[in-house]
Amino acid sequence: DRLLGISSSRNASIGIVLFDVGRSVVRNSSGNGSLAHNTGAGLGLFSSHHVRVLHSSFRHNGDMGIAVDTAAHNLIKGNLLARNRNFGIVVRGQAANGNQVRRNRAVRNGKIGVFIEGSRNVIARNRISHPFRGEATGIEVDGGNHNLITRNSIRDTEGRGISVDFSRDPEVSGGPPVVGNVVRGNRIHRAGKDGVH
């Protein structure tokens with residue numbers, strides 16, 4: 001399936017949703033201004049694999065720009081994530097493995113520019129600046145193993161620049177240790193707390 005040049009705005013929940021698909025493309029599209037504060041997203045990609053989200057824009061959404069949930073081996077590249085209430089990009093779920101988040105620009109999103117769960121994901125050459133709510137973080141890896149965080153530029157965070165941590169899942173007491181993650185060649189400027197934690 002190909003979604004090309006789609007503009008979806010001011011929806012109650014999610015602008016564009018892909019569920020249980022494979023080898024699809026979203027290109028030159030936008031999902032802006034979804035209203036719900038806990039679920040509002042520009043694009044939702046659920047239980048899917050080998051999907052490419054390219055050169056699109058997701059702004060002013062009630063929760064996040066792009067939500068990738070229980071989806072593996074997807075490519076998110078060359079997108080703009082701006083002024084979303086909480087997150088720029090979220091990749092989460094036990095099967096959120098082997099995804100690539102490359103060359104995106106995340107500007108003035110609320111809590112976190114790029115949030116990753118899962119293992120063997122690549123976060124590379126993204127530009128993240130001015131996450132502003134609370135102890136906002138540029139890139140956070142939460143409980144995953146063997147992820148690569150490389151050549152990202154992170155500026156002016158309220159909290160940490162890059163955080164690699166055990167899982168904060170309330171069902172996991174203390175969370176398991178994380179192993180095998182590589183943080184290499186990133187540039188962090190004016191982090192409000194730790195540059196790399």
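Trainee: Among contacts in the protein chain between residues at least 6 apart in sequence, what percentage join residues at least 24 apart?
Mentor: The model is a predicted one, and in its protein chain 59% of the contacts between residues at least 6 apart in sequence join residues at least 24 apart.

Trainee: What makes up the secondary structure of the protein chain, helices or strands?
Mentor: The count for the protein chain is zero helices and 23 strands.

Trainee: Why is the protein chain called as compact as a globular protein of that length?
Mentor: The globule rule gives 16 Å for 197 residues and the radius of gyration of the protein chain is 15 Å, close to that value, so the chain is described as being as compact as a globular protein of that length. Along its principal axes, the C-alpha trace spans about 40 × 30 × 30 Å, and 48% of the 197 residues count as buried.

Trainee: What is the order of the strands in the open sheet of eight strands, and is the pairing parallel or antiparallel?
Mentor: The order is 1-4-7-10-13-16-19-22, and the pairing is parallel. On average, neighbouring strands of this sheet are turned by 5° against each other, direction ignored.

Trainee: Why are strand 1 and strand 22 called edge strands?
Mentor: Strand 1 (2–4) and strand 22 (182–184) each pair on one side only, and that is what the name edge strand records here.

Trainee: What makes strand 18 largely enclosed by the rest of the structure?
Mentor: Six of the six residues of strand 18 are buried, so the strand is largely enclosed by the rest of the structure. Strand 18 runs parallel to strand 15 (residues 112–116), to which four bridges join it, with Ile112 opposite Thr137 of strand 18. Four bridges also join strand 18 to strand 21, again in parallel, and there the bridge partner of Asp142 is Asp165 in strand 21.

Trainee: Why is Asn61 called buried?
Mentor: Buried means under 20% relative accessible area, and Asn61 has 2%, so Asn61 is buried. Asn61 lies in the loop between strand 8 (57–59) and strand 9 (64–69), and beyond its sequence neighbours it touches residues including Gly31, Gly40 and Arg83.

Trainee: How many salt bridges does a search of the whole structure find?
Mentor: The search finds four salt bridges.

Trainee: Why is the pair of Asp69 and Arg92 called a salt bridge?
Mentor: The term asks for a side-chain nitrogen of Lys or Arg within 4 Å of a carboxyl oxygen of Asp or Glu, and the closest N and O atoms of Asp69 and Arg92 are 3.7 Å apart. Asp69 lies in strand 9 and Arg92 in strand 12 (residues 87–92), so the pair ties together parts that are 23 residues apart in sequence. With relative accessible areas between the two cut-offs of 20% and 50%, Asp69 at 23% is partly exposed, and Arg92 at 32% is partly exposed as well.

Trainee: Is Asp156 buried or exposed, and which residue meets its side chain in a salt bridge?
Mentor: Asp156 has a relative accessible area of 16%, so it is buried, and its side chain meets that of Arg190 in a salt bridge of 2.6 Å, N to O. Arg190 is in the segment after strand 23, and Asp156 is in the loop between strand 20 (153–155) and strand 21 (162–165), 34 residues apart. Arg155, Asp156 and Arg190 are linked in a network of salt bridges.

Technical notes. Residues numbered from 1 in each chain as written. Predicted model: local features only at pLDDT ≥ 70, side-chain atom pairs only at ≥ 80, totals over all residues. Heavy atoms only, no water. Helix = DSSP H or I, 4+ residues; strand = E, 2+ residues; numbered from the N terminus. Buried < 20%, exposed > 50% of the residue type's maximum accessible area, 1.4 Å probe, protein only. Contact = heavy atoms within 4.5 Å. Pairing = 2+ DSSP bridges. Axes fitted to C-alpha atoms, helices over the stretch in contact; angles between N-to-C directions. Rg over C-alpha atoms; globule rule 2.2 N^0.38 Å. Lists of a residue's contacts leave out its neighbours within four places in sequence.
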